[in-house]
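Q: I have a model open and would like to learn how to read it feature by feature. Could you walk me through some examples?

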Amino acid sequence: MQVYITNRDSFVLCSASNDLPEGNVIAEDRITDDVESGVKTLEMTFVSNEELREAIVAGNFILVGGTALKAEDYDLFQIITVKNDTTDETISIYAEDAGMELINRIVGSYQPTQAQTLENALISTLGANFSGWSINYTIPKTTSKGATNFDFTGEESALSRLQAILNIFDAEMFFSYTINGLKMVERTLNIVSRRGSNEVTHVFHYGVDVSDIVETSSIQDLATAFVLYGKDSSGNTKKMSAFSDYSTYSGRTITPTDPAFSGSRRHSYKVSGDRVILADAPQKWGSILNSSGEIEQRKSTDYGSAKLLISYAMKELEKIVETAFTYDIEFLSVPKEVNVGDKIRIVDDNRGQFLESRILSWSYSDTTDTYQMTLGNVTRLTGSKAEQKTPKVNVLSISSSNGIIGSGTFTTELSAVLFRSGQNITSNADLPDGERLVWYKNGVETTEGVSASGFVLTTTITEATQYSCAVVVEMEG
């Protein structure tokens with residue numbers, strides 16, 4: 001990893017690395033990318049010296065690249081906080097790719113009287129020139145939402161308001177930068193309907209890609225009803241029932257397909273008094289000790305209308321009306337093509353555990369070469385559904401006793417191993433009837449040098465030769 005610290009005019013002040021024997025040293029690092037915030041963050045610790053102390057100040061920029069995970073990519077961050085530790089002789093920083101102007105800029109009330117397009121809503125937050133950002137729309141910028149969706153009465157950072165507006169449009173975002181040399185040429189705010197792929201892009205197998213899967217189930221944060229409070233234009237706290245639009249929704253049952261409320265939901269909710277309640281709470285969580293099935297939490301917010309409070313309640317209750325399952329997964333390897341937002345599948349054939357999940361965030365440390373994921377929207381596949389969606393694990397690898405590159409004439413032993421459903425197979429005798437391992441020399445099937453087990457091939461190589469193998473199923477005539 002190589003980093004360059006620059007001032008606000010992009011003049012390089014110094015550089016540092018975690019893999020060079022001399023120069024400024026990076027002791028620790030971690031880059032994190034997150035779907036919900038759309039912001040990529042950097043935490044980094046340097047071995048302190050005078051040059052770094054003078055260069056690493058809040059507001060300066062840091063260009064990070066050359067990581068083992070994505071060697072060709074560079075990310076630009078702005079330093080938000082700096083901690084100098086004289087005892088440990090280290091400098092620790094926290095940086096974000098969104099930029100301080102979005103964090104420090106405060107936006108005020110936004111209560112339009114007519115429907116707003118996505119573009120107009122962004123202008124209300126970022127200004128007519130979008131604060132110097134280029135906007136890349138992958139959803140139409142003319143997409144509009146009703147005025148009542150934008151009843152923002154309080155003050156907040158431009159970044160927080162931007163995240164709230166994109167939530168109204170069921171959109172997500174991320175930042176990117178076009179860099180020419182060490183000059184930042186263009187900053188882009190990318191507006192997308194979804195980050196990552198909604199189709200499964202990668203399958204991770206226990207014993208091959210994953211070394212440990214720990215499942216935890218909990219109802220500690222469970223709730224089926226919120227008692228809601230918002231704020232008026234003067235900043236005073238008000239009950240939901242005190243807002244002028246409350247009568248529109250009082251007593252209403254809101255189904256997942258109700259056109260008045262955007263977003264996807266699995267459950268129906270009822271508005272009653274100052275509460276939003278899971279409509280089927282008695283059936284789901286009722287007991288001899290709690291016949292109503294209602295588990296209540298009180299929520300105070302800055303929202304300025306009943307509709308916004310109801311939308312907020314339904315979004316948050318969706319996360320906690322079910323038993324919460326969390327998965328702590330230790331990955332042995334992660335493909336470079338995996339991106340935040342992707343849907344992935346995790347397979348444990350031994351225990352019959354099949355999971356589909358979205359990567360809500362990932363973090364990577366180049367110094368320790370470790371990769372962590374936060375998974376959400378987990379679906380556990382069982383029975384025929386799991387069998388249909390989860391192929392058997394088949395990983396076939398070849399190793400060479402004398403390397404894969406040589407000059408002149410050299411002899412080597414090629415050994416094949418098939419990993420299938422949690423087992424290593426090294427002989428045709430362990431394959432099902434009708435299956436066998438076939439070796440190919442320069443694309444043509446060969447039996448020369450193949451052992452009795454069929455999984456070892458001994459050969460003397462005198463010229464460029466390509467060997468491969470595959471498990472084939474014999475077809476009866």
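Q: Which residue in strand 18 is the bridge partner of Lys231?

A: The bridge partner of Lys231 is Thr237 in strand 18. Before we go on, note that this is a predicted model, in which local features need pLDDT of at least 70, side-chain atom pairs count only at pLDDT 80 or more, and totals for chains, interfaces and linings use all residues. Residues are numbered from 1 along each chain as its sequence is written, and side-chain values use heavy atoms, with hydrogens and water left out.

Q: What counts as a strand or a helix, and what counts as pairing?

A: Helices (H or I, at least four residues) and strands (E, at least two) are DSSP runs, numbered from the N terminus. Two strands pair if DSSP finds at least two bridges between them. Here, strand 17 (residues 225–231) and strand 18 (residues 237–239) run antiparallel and are joined by 3 bridges. They form a hairpin with 5 residues between them, and Gly235 in the turn has a positive phi of about 85 degrees.

Q: Which way does strand 22 run relative to strand 17, parallel or antiparallel?

A: Strand 17 and strand 22 (residues 296–300) run parallel, with 5 bridges between them. In this pairing, Phe226 stands opposite Gln297. Strand 17 also has 3 bridges to strand 21 (residues 275–278), and that pair runs antiparallel; there, Ala225 is partnered with Ile277.

Q: What do the buried residues of helix 6 pack against?

A: Contact means heavy atoms within 4.5 Å. The buried residues of helix 6 pack against strand 17, strand 19 (253–254), strand 20 (269–272), strand 21 and strand 22. Because 11 of the 15 residues of helix 6 are buried, the helix is largely enclosed by the rest of the structure. Among those buried are Ala306, Leu309, Tyr312, Met314 and Glu318.

Q: Where do the buried residues of helix 3 lie around its axis?

A: For this reading, the arc is that of the directions from the helix axis to the C-beta atoms. Helix 3 (residues 118–126) has Leu118, Ala121, Leu122, Thr125 and Leu126 as its buried residues. They fall within an arc of 115 degrees, so they line one face of the helix. Their cover includes helix 2 (100–104), helix 4 (158–168) and strand 14. Just after helix 3, Gly127 takes a positive phi of about 95 degrees.

Q: Why does Arg187 count as buried?

A: Arg187 counts as buried because its relative accessibility is 18%. This residue is found in strand 14 (residues 183–192). Among the residues that Arg187 touches, not counting those up to four places away in sequence, are Glu101, Trp133 and Tyr177. A polar atom of the Arg187 side chain lies 2.7 Å from the backbone oxygen of Ser131.

Q: In what order do the strands of the open sheet come?

A: The open sheet has 3 strands in the order 31-30-33, with antiparallel pairing. Strand 31 (444–446) and strand 33 (467–473) are the edge strands, and each pairs on one side only. Strand 30 (residues 435–441) is joined to strand 33 by 7 bridges, and Lys441 stands opposite Tyr467.

Notes
Buried < 20%, exposed > 50% of the residue type's maximum accessible area, 1.4 Å probe, protein only. Polar contact = N/O pair within 3.5 Å; in protein donor to acceptor, adjacent residues only side chain to side chain.
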